[in-house]
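Subject: Structure handover

Hi,

Here is the structure you asked for. My notes follow below it.

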Amino acid sequence: CVHYTVSDIKLIFHMWRHYNFARMRKGKDHYLLLSNLNYITWWSATQSLVILLSGYLQLVLLKRLFHTDPSRPRC
């Protein structure tokens with residue numbers, strides 16, 4: 001039969017409480033990382049779309065800038 005003293009039981013409860021707090025912190029950090037991943041993914045996709053649209057807009061504006069009338073001679 002194993003006999004535990006009061007100090008042993010206090011130590012066991014202290015370790016158990018510390019383990020539970022660490023486990024809760026780990027779960028909180030995991031969900032925070034998932035939330036940040038979702039936010040960063042959408043923000044990156046939005047920025048990529050803005051970059052592509054601005055490139056297309058620059059192309060259209062440059063074409064319009066150098067557009068010539070085909071009925072007039074170029075030289």
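Val-50 is exposed, because its relative accessible area is 52% (buried is under 20%, exposed over 50%, partly exposed in between; 1.4 Å probe, protein chains only). Val-50 sits in helix H1. Helices here are DSSP runs of H or I with at least four residues, strands are runs of E with at least two, and numbering starts from the N terminus.

Please keep in mind that this is a predicted model: local features need pLDDT of at least 70, side-chain atom pairs count only at pLDDT 80 or more, and totals for chains, interfaces and linings use all residues. Residues are numbered from 1 along each chain as its sequence is written, and side-chain values use heavy atoms, without hydrogens and water.

Overall shape. The protein has one helix and zero strands. Its C-alpha atoms fill a box of roughly 110 × 15 × 15 Å along the principal axes. The radius of gyration is 33 Å, whereas a compact globule of 75 residues would be near 11 Å (taken over C-alpha atoms; the globule rule is 2.2 Å times the number of residues to the power 0.38).

Surface. Buried residues are 1% of the 75. The accessible surface is about 7,900 Å², with 69% from carbon and sulfur atoms (Shrake-Rupley, 1.4 Å probe; for residues, only the protein chains shown count as cover).

Met-15 also lies in helix H1, which spans residues 6-65. Met-15 counts as partly exposed because its relative accessibility is 48%.

Annotations. UniProt, in an unreviewed entry, places a "transmembrane region" at residues 40-62. That stretch is 100% helix and 0% strand, with its end C-alpha atoms 33 Å apart. The unreviewed entry also has "domain: GOLD" over residues 11-66. There the chain is 98% helix and 0% strand, and the end C-alpha atoms are 81 Å apart. UniProt positions use the numbering here, feature names are shortened, and annotations may be inferred rather than shown by experiment.

Best wishes
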